[in-house]
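Here is a short tour of one protein model.

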Amino acid sequence: MAVSKPVVPPRVPCQRCPLRQRPSFRDFSADELEFVSRFKVSETPAEPGMAIMVEGERNPSLYTVLSGWGFRYKILEDGRRQILNYVLPGDMIGLQGNVMLEMQHSVEALTRMTLCTFERERFPNLFRNHPSLAFDITWIAAREESMLDEHLLSVGRRSAQERAAYLLAFLHARADATMGADGHARQLPLTQQHVADTLGLSLVHTNKTLRKLMDQGLVRWLDRGCEIVNPEGLYRVAGWHPPEEGHRPFI
């Protein structure tokens with residue numbers, strides 16, 4: 001797994017950030033936009049499989065995903081991996097390090113990514129001078145907690161088929177909110193191993209479970225991921241529907 005992260009000067013000024021054009025994100029005030037444009041120090045590209053953050057390490061940077069997919073995970077001593085959640089455009093990476101000092105999980109690029117990079121030591125300025133952005137950070141942390149609550153419920157109480165339907169529906173809904181205009185929401189860049197490591201199932205059990213969803217015409221498995229054919233059908237099988245979030249913040 002590659003661990004080096006080349007840093008390049010910002011190529012996308014915050015004033016022309018493509019995420020600001022998404023209807024799911026709230027806009028910045030003029031003062032907020034000026035602060036964030038100074039807070040952002042660089043952009044970091046990441047190739048698939050690259051480690052963005054590693055459990056147990058201290059990282060001087062925080063990141064916001066500008067483009068691409070990644071995932072958070074933990075690994076047991078024997079190498080078994082549990083994927084905790086996925087990161088998409090607008091998500092912040094590394095906030096945990098401000099409280100715990102060392103990262104308590106790792107983050108890996110799932111696809112090619114571009115990350116807006118911020119210096120962690122300048123983070124307190126946000127809380128001192130921009131309370132509206134500080135509230136946004138609280139919202140982001142609370143939203144992550146809410147998603148993990150739902151994931152724990154899914155792993156603990158849903159059947160294997162319900163778990164798989166929930167995961168694919170959840171990722172489709174998130175992709176639709178952040179990348180729907182680009183036509184990427186129906187294409188999830190997952191392998192069946194990623195699904196197995198998220199659901200806590202063996203690869204064989206995962207394959208059989210996904211086959212049931214395919215036989216129902218809900219998804220189609222491709223060489224490079226999963227195509228969502230019938231999201232409403234996935235919602236029905238999972239017994240879940242995307243919550244109404246309004247305009248969500250990002251930094």
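Of the 251 residues of the protein, 51% count as buried. Buried means under 20% relative accessible area, exposed means over 50%, and partly exposed lies in between, with a 1.4 Å probe and protein chains only. This is a predicted model: local features need pLDDT of at least 70, side-chain atom pairs count only at pLDDT 80 or more, and totals for chains, interfaces and linings use all residues. Residues are numbered from 1 along each chain as its sequence is written, and side-chain values use heavy atoms, with hydrogens and water left out.

## Overall build

The protein has 8 helices and 11 strands. Its radius of gyration is 18 Å, close to the 18 Å that the globule rule gives for 251 residues, so the protein is as compact as a globular protein of that length. The radius is taken over C-alpha atoms, and the rule is 2.2 Å times the number of residues to the power 0.38. Helices (H or I, at least four residues) and strands (E, at least two) are DSSP runs, numbered from the N terminus.

Along the principal axes, the C-alpha atoms fill a box of roughly 55 × 40 × 30 Å. The accessible surface comes to about 12,400 Å², and 52% of it belongs to carbon and sulfur atoms. Such areas come from the Shrake-Rupley method with a 1.4 Å probe; for residues, only the protein chains shown count as cover. Among contacts between residues at least 6 apart in sequence, 74% join residues at least 24 apart. Contact means heavy atoms within 4.5 Å.

## Two open sheets

Strands of a sheet pair through backbone hydrogen bonds, either parallel or antiparallel. Two strands count as paired if DSSP finds at least two bridges between them.

Leu62 has Phe118 in strand 8 as its bridge partner.

Another open sheet has 3 strands in the order 9-11-10, again antiparallel. Here strand 9 and strand 10 are the edge strands, each with a single partner, so one side of each is left without a neighbour in the sheet. Strand 10 and strand 11 form a hairpin with 2 residues between them. Cys226 in strand 11 stands opposite Leu188 and opposite Trp221. Gln187 stands opposite Glu227 in strand 11.

| Strand pair | Residues | Bridges and sense |
|---|---|---|
| Strand 3 and strand 8 | 61-67 and 113-119 | 6 bridges, antiparallel |
| Strand 9 and strand 11 | 187-188 and 225-228 | 2 bridges, antiparallel |
| Strand 10 and strand 11 | 219-222 for strand 10 | 4 bridges, antiparallel |

## The cores

A nonpolar core is a set of buried Ala, Val, Leu, Ile, Met, Phe, Trp, Tyr and Cys residues joined through side-chain atoms within 4.5 Å. Which residues touch the most other members of the largest nonpolar core? Among its 38 residues, they are Tyr86, Leu168, Leu213, Val219 and Leu234. Strand 4 (70-75), strand 5 (81-87), helix 5 (160-179), helix 6 (192-199), helix 7 (203-215), strand 10, strand 11 and helix 8 (231-238) each supply at least two residues of this core. Helix 5 gives the largest share, 12 residues.

Leu168 touches Leu188, Leu190, Leu210, Leu213, Val219, Cys226, Ile228 and Leu234, not counting residues up to four places away in sequence. A second, separate core of 23 residues includes Leu95, Cys116, Ala134 and Ile251.

## Helix 8

The buried ones are Pro231, Gly233, Leu234, Tyr235, Val237 and Ala238. They pack against helix 5, helix 7, strand 10 and strand 11. Just after helix 8, Gly239 takes a positive phi of about 65 degrees.

## Aromatic pairs

A search of the whole structure finds 12 aromatic pairs. Tyr166 and Phe170 form a stacked one, 5.7 Å centre to centre with 25 degrees between the planes. Rings of Phe, Tyr and Trp (its six-membered ring) pair if their centres lie within 6.5 Å; planes under 30 degrees apart count as stacked, over 60 as edge-to-face and the rest as tilted. Tyr166 and Phe170 are 4 residues apart in helix 5, about one helical turn. Both are buried. Elsewhere, Phe35, Phe39, Phe118, Phe123 and Phe127 form one aromatic cluster.
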